[in-house]
Amino acid sequence: MIAKKFLKSKPVCKATFSLPTEAVQGAKKVTLVGDFYYWDSESGIKMKKSKDVFKTTVDLETGKEYEFRYLLDGETWENDWAADKYVATPFGVENSVVSTLN
């Protein structure tokens, strides 16, 4: 799930990414990776676990669409179940998309 808050003072969308623990298949570490970090899993954002959800907030430039996925324990990829849309990749899978078009 992605909650978005568009700032009035600058062209930024605060996007809060949430992944329920039931979606992580017992993983201990969840990293948000996407084209906003050049798909570098080392530079991805480590998500914090609270209760039964992993969560993080990212500032994204408005007026764009960003592809992303969640990396579980550095091994397994998971899409966001409530992404704005999904796009096919050359690797035979789909990426989640978050849109900051308003």
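Predicted model: local features only at pLDDT ≥ 70, side-chain atom pairs only at ≥ 80, totals over all residues.
**Exercise 1.** Determine which strands pair with strand E2 and in what sense they run.

*Solution.* Begin with strand E1 (residues 2-6), which pairs with E2 in the antiparallel sense over 5 bridges, and note that a hairpin of 5 residues joins E1 to E2. Within this pairing, Phe 6 stands opposite Cys 13 in E2. Next, turn to strand E6 (residues 53-61), which also pairs with E2 in the antiparallel sense, over 9 bridges; here Phe 17 has Thr 56 as its bridge partner in E6.

**Exercise 2.** Decide whether Phe 17 and Phe 36 are buried or exposed, and classify the pair formed by their rings.

*Solution.* Buried means under 20% relative accessible area. Phe 17 has 0% relative accessibility, so Phe 17 is buried, and Phe 36, at 14%, therefore counts as buried too. The ring centres of Phe 17 and Phe 36 lie 6.2 Å apart with the planes at 40°, so the pair is tilted. Because Phe 17 belongs to strand E2 and Phe 36 to the loop between strand E3 (30-34) and strand E4 (45-46), the pair ties together parts that are 19 residues apart in sequence.

**Exercise 3.** Find how Phe 17 and Phe 68 are arranged, and which cluster includes these rings.

*Solution.* Phe 17 and Phe 68 form an edge-to-face pair, with 5.0 Å from centre to centre and 75° between the planes. The pair links strand E2 with strand E7 (residues 65-72), since its members are 51 residues apart. Finally, ring pairs join Phe 17, Phe 36, Tyr 37, Tyr 66, Phe 68 and Tyr 70 into a cluster.

How values were computed. Residues numbered from 1 in each chain as written. Heavy atoms only, no water. Pairing = 2+ DSSP bridges. Helix = DSSP H or I, 4+ residues; strand = E, 2+ residues; numbered from the N terminus. Phe/Tyr/Trp six-rings, centres within 6.5 Å; stacked < 30°, edge-to-face > 60°. Buried < 20%, exposed > 50% of the residue type's maximum accessible area, 1.4 Å probe, protein only.
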